Amino acid sequence: MAQHGGLFCDDDGMIKKPFPNRPYCVKGTGNVGCRNKASSNVAICQTVLPGNEAMLIPTNVETLATLAIPGPEYWAGTAAHFYVNPPGVSADEGCVWGTADKPQGNWAPYVLGGNAVEGGETFIKLGWNPIYLEPATPFRDEKPTFGIEIECDGGGCNGLPCAIDPSQHGVNELVGGGGSTGAGGAVSCVVTVPAGSSAKFVVTEVGGSGKSNNDGSSKGSGSHDDNQRPSKPPPSTHFAPPPPPPSTSSSSSSRGDASSNAYANNLYTIVNSDTDPHSNADSDFIVLEL
């Protein structure tokens, strides 16, 4: 069974799926999106997880798009993981394994995450990409030209403010309630979206029209306001660090850890409602783990 889709051919040459009575695609939670206030498109690339963990699934955001966030019934409670390319990078350029020559693809500066749990809460994460911060990355000390802020529609979210604003702070710093330090020393913040509410990752260019936090909120290295913590943290396995590029060998993943190998024969992906996979259509469908 291949890791790229989970489909297989039976003895008669017919295409089969491991779960005959389950659909190919199911809707995501639908309550998390991205609003682009930058002057160019923003390519957000979701990883195939479970699967080979490559960030190949594109959502090209011109103004507004829905991100596919899995519900608690999804395979082993797996979360969605995304890389955010700088404005102006196309999905064709950004949603592939890149190189350290450019801050895009898996070297993009920021990562997002999200998953829903029993009870209806959704946890979403905004953070710096550990690969961007590696000593060997030539642009590791360069501040990106864009930022991201989490906004809650209708209020009620816990963990705000949660934002990265290069016009106010340096590399690997953020405005964060409930901030934490993860893989490679990368800082991130997690926001809890209550049942029935929705939230957006808002992308702005430095010096642009986007909303900035100038309220003296704490920054970087996991600093936070104890009164702004999420109501409860997501399971630690939900927000895994970005993996290295997949190996070209027959191995299921370039990562040697047991969890990655266990995921190797499963697929998690998005299907746009438009026929163009790089359109601005909402990406609110996920493929069942196969």
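Guide: Gladly! Let's start with N172, whose relative accessibility is 18%. Keep in mind that this is a predicted model.

Visitor: Why does N172 count as buried?

Guide: Buried means under 20% relative accessible area. N172 has 18%, so it counts as buried. This residue is found in the loop between β12 and β13 (175–176).

Visitor: What makes the phi of N172 worth a remark?

Guide: Phi of N172 is near 60°, a positive value, and the residue is not a glycine.

Visitor: Which peptide bond is cis, and how do you know that?

Guide: That is the bond from L160 to P161, where omega is near 0°. P161 is found in the loop between β11 (146–153) and β12 (162–164).

Visitor: Why is strand β16 called largely enclosed?

Guide: Of the eight residues in β16 (residues 198–205), six are buried, so the rest of the structure largely encloses this strand.

Visitor: How do you know that β11 and β16 pair?

Guide: Pairing takes at least two bridges. β11 and β16 have eight, in the antiparallel sense, and therefore count as paired. Here E151 stands opposite K200 in β16. Strand β4 (residues 32–36) runs parallel to β16 and is joined to it by five bridges; R35 has V202 as its bridge partner in β16.

Visitor: What makes I148 stand out in the largest nonpolar core?

Guide: That core has 37 residues, and I148 is among those with the most contacts inside it, together with L126 and F201. Residues touched by I148 include V84, Y110, L112 and V203. Another core, of nine residues, lies apart from it, with W97 among its members.

How values were computed:
Residues numbered from 1 in each chain as written. Predicted model: local features only at pLDDT ≥ 70, side-chain atom pairs only at ≥ 80, totals over all residues. Heavy atoms only, no water. Core = buried A, V, L, I, M, F, W, Y, C linked by side-chain atoms within 4.5 Å. Buried < 20%, exposed > 50% of the residue type's maximum accessible area, 1.4 Å probe, protein only. Contact = heavy atoms within 4.5 Å. Helix = DSSP H or I, 4+ residues; strand = E, 2+ residues; numbered from the N terminus. Lists of a residue's contacts leave out its neighbours within four places in sequence.
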